[in-house]
Amino acid sequence: MFGSNDKSKGNRNQGNVETLIGPRVVIRGDLHFSGGLYVEGTIHGAVIADESDADAVITLSERGLIEGEVRAPHVVINGQLRGDVYASQKVHMAAAARVSGNVYYNVVEMQAGAMLTGRLIHSDAPLKQLTGPKDNAD
């Protein structure tokens, strides 16, 4: 319905939406997905891509809201996200993106106007950077 079955065009999920969360939908609980997920509604819970799907894409529309962590290879944010983001491939924060949480990324792209209240942490960052300074109360 939303995507093409022709997989000969390279990345099968680039631009293809296989699952749509409409603007009047509210989900309470964790959501596991594969392929392309487009969120226009509200999700109160974690959104997690299937580990076996290296091309999974979640797109949060300007009207969408996620309260919980997001874990996916490709994350596109143009709405409100309150929670940490773990993107093994790429994070794209569009102009209307409002993120409250840390963003763990391999590649990040932010457009003018995107707002982040949290830290950008590269996936190759040493553990010391991820956990902060160590207490030396020996």
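## The nonpolar core

The largest nonpolar core of this predicted model has 26 residues. Val47, Ile58, Val75, Ile77 and Val91 have the most contacts inside it. Several strands supply at least two core residues each. They are β3 (31–33), β4 (36–39), β6 (47–49), β7 (57–60), β9 (70–77), β11 (85–93) and β13 (103–105).

Which residues does Val47 touch, leaving aside its neighbours within four places in sequence? Its contacts are Leu31, Phe33, Leu37, Ile58, Ile66, Glu69, Val70 and Arg71.

## A salt bridge between loops

Side chains of opposite charge can pair when their charged atoms come close. The whole structure holds four salt bridges. One of them joins the side chains of Glu40 and Arg63 (3.5 Å, N to O). Glu40 sits in the loop between β4 and β5 (42–44), and Arg63 in the loop between β7 and β8 (65–67), so the pair ties together parts that are 23 residues apart in sequence.

Are the two partners buried or exposed? Glu40 counts as buried, at 17% relative accessibility. Arg63 counts as exposed, at 57%.

## Salt bridges between strands

Glu67 and Arg82 also meet through their side chains in a salt bridge (2.3 Å, N to O). Glu67 is in strand β8 and Arg82 in strand β10 (residues 80–82), 15 residues apart. Glu67 is partly exposed at 29% relative accessibility. Arg82 is partly exposed at 39%.

Lys90 and Glu109 form another such bridge (3.0 Å, N to O). Lys90 counts as partly exposed, at 34% relative accessibility. Glu109 is partly exposed too, at 34%.

How values were computed: Residues are numbered from 1 along each chain as its sequence is written. This is a predicted model: local features need pLDDT of at least 70, side-chain atom pairs count only at pLDDT 80 or more; totals for chains, interfaces and linings use all residues. Side-chain values use heavy atoms; hydrogens and water are left out. A nonpolar core is a set of buried Ala, Val, Leu, Ile, Met, Phe, Trp, Tyr and Cys residues joined through side-chain atoms within 4.5 Å. Buried means under 20% relative accessible area, exposed over 50%, partly exposed in between (1.4 Å probe, protein chains only). Helices (H or I, at least four residues) and strands (E, at least two) are DSSP runs, numbered from the N terminus. Contact means heavy atoms within 4.5 Å.
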